[in-house]
Amino acid sequence: MSLRHRLSFLAWAGGYWARTHLLRRNIPFIGGLVLNSTCNLSCRQCRVHAKLDADLTAAQAREALDLFYAKGIRTLAITGGEPLLWHSDDLDCATLIRVARDRGFRAISIYTNGTLPFDHLDVDAVFISLDGREAVHDALRGPGCFRRIMRTIDGSRHPNLIVNHTINAANSGEIESMCRLVAAHPKLNRIFFYFHTPYYGIDELFLPMEKKRPLIRELIHLKRSGLPIANSVSCLRRVAADDWPRPSDVCVVYAHGRIFRCCRAVGNPVACDNCGYLGYPEIQSILALRPDAIRDAFAYLSGSARRVD
């Protein structure tokens, strides 16, 4: 974000907080737009590629933007499948983002597996899934995947690349190594951690809370040592206490032609009780005016830490 863009977003965010906390209006903070189930990978922890759900049409994508905007949402997260594969009629991912900008969305991010170029996208942040060093990542996402992603990152000129790392039973020993990979790479801003959510039931990748808590303590220690972890300490403590409210009203999701409260797994008690999507407690910490959460959010969304010349 440019300085002007950041100040504009800060002014909007202050108004949002006043409307939701002082005037008690129920306005989701973020709209999640799931463009497709189509994906070019077949990952061990994900079954999206095997779903038969139709990708959104151009009309549905425009409808989603209209619905979000009417609800007061000005922050947009685009995902899939692999959203860079999406196209319908006169729209592809890049043109849809331009439509969203023209519509008035203040902050736009995209979540991608990182195997396809993304520099042409007018987004404030690119979140790239990277679940370990080469051997571990490729065991989860497919042979050769890690090197493809690193080539994309190495060739990128986007100023705000953030690694999304989902901790599970297969990669829980990779946390510090991944932090140091991000710290050493000149084109990566930060790393944001999640935990594996058992959307399809308890599986071999699932970590119960008694195994998550030592990992959370490790994350807090590494963050305090200066490694570029985007999660705030306030959020991580909430996750360890397991007292953050869910389903959450901070987000609505548009997928398959309809709106979901919180996420597509709403109503799935196993997924909800064991939710590892740490973006939601992070937003809750920001809206609770936790200083470290606010500071960390602007640090990684601004992309000011590392701009590529």
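A residue counts as buried when its relative accessible area is under 20%, as exposed when that value is over 50%, and as partly exposed in between, using a 1.4 Å probe and protein chains only. With that in hand, welcome to this structure. The model is predicted, so local features need pLDDT of at least 70 and side-chain atom pairs count only at pLDDT 80 or more, while totals for chains, interfaces and linings use all residues. Residues are numbered from 1 along each chain as its sequence is written, and side-chain values use heavy atoms, with hydrogens and water left out.

**Cysteines**

A disulfide is a pair of cysteine sulfur atoms within 2.5 Å, and the structure holds 0 of them. C93 is in no disulfide, as the nearest cysteine sulfur, that of C39, is 13 Å away. C93 is also buried, at 3% relative accessibility. C263 is in no disulfide either; its nearest cysteine sulfur belongs to C262 and is 4.8 Å away. C263 is partly exposed, with a relative accessible area of 23%.

**A hairpin**

Helices (H or I, at least four residues) and strands (E, at least two) are DSSP runs, numbered from the N terminus. Two strands pair if DSSP finds at least two bridges between them. Strand β9 (residues 251-255) and strand β10 (residues 258-261) run antiparallel and are joined by 4 bridges. Within this pairing, Y254 stands opposite I259 in β10. The two strands form a hairpin with 2 residues between them, and H256 in the turn has a positive phi of about 55°.

**Salt bridges**

Side chains of opposite charge can pair when their charged atoms come close. Here a salt bridge is a side-chain nitrogen of Lys or Arg within 4 Å of a carboxyl oxygen of Asp or Glu. The count comes to 11 salt bridges, including these:

| Pair | Closest N to O |
|---|---|
| D131 and R141 | 2.8 Å |
| D249 and R261 | 2.7 Å |

D249 lies in the loop between α8 (233-241) and β9, and R261 in strand β10, so this pair ties together parts that are 12 residues apart in sequence. D249 is partly exposed at 36%, and R261 is partly exposed at 41%.

R180 and E176 sit 4 residues apart in helix α6 (residues 175-184), which means they are separated by about one helical turn. R180 is partly exposed at 43% relative accessibility, and E176 is partly exposed at 33%.

D131 and R141 are both buried. Finally, R101, D122 and D124 are linked in a network of salt bridges.
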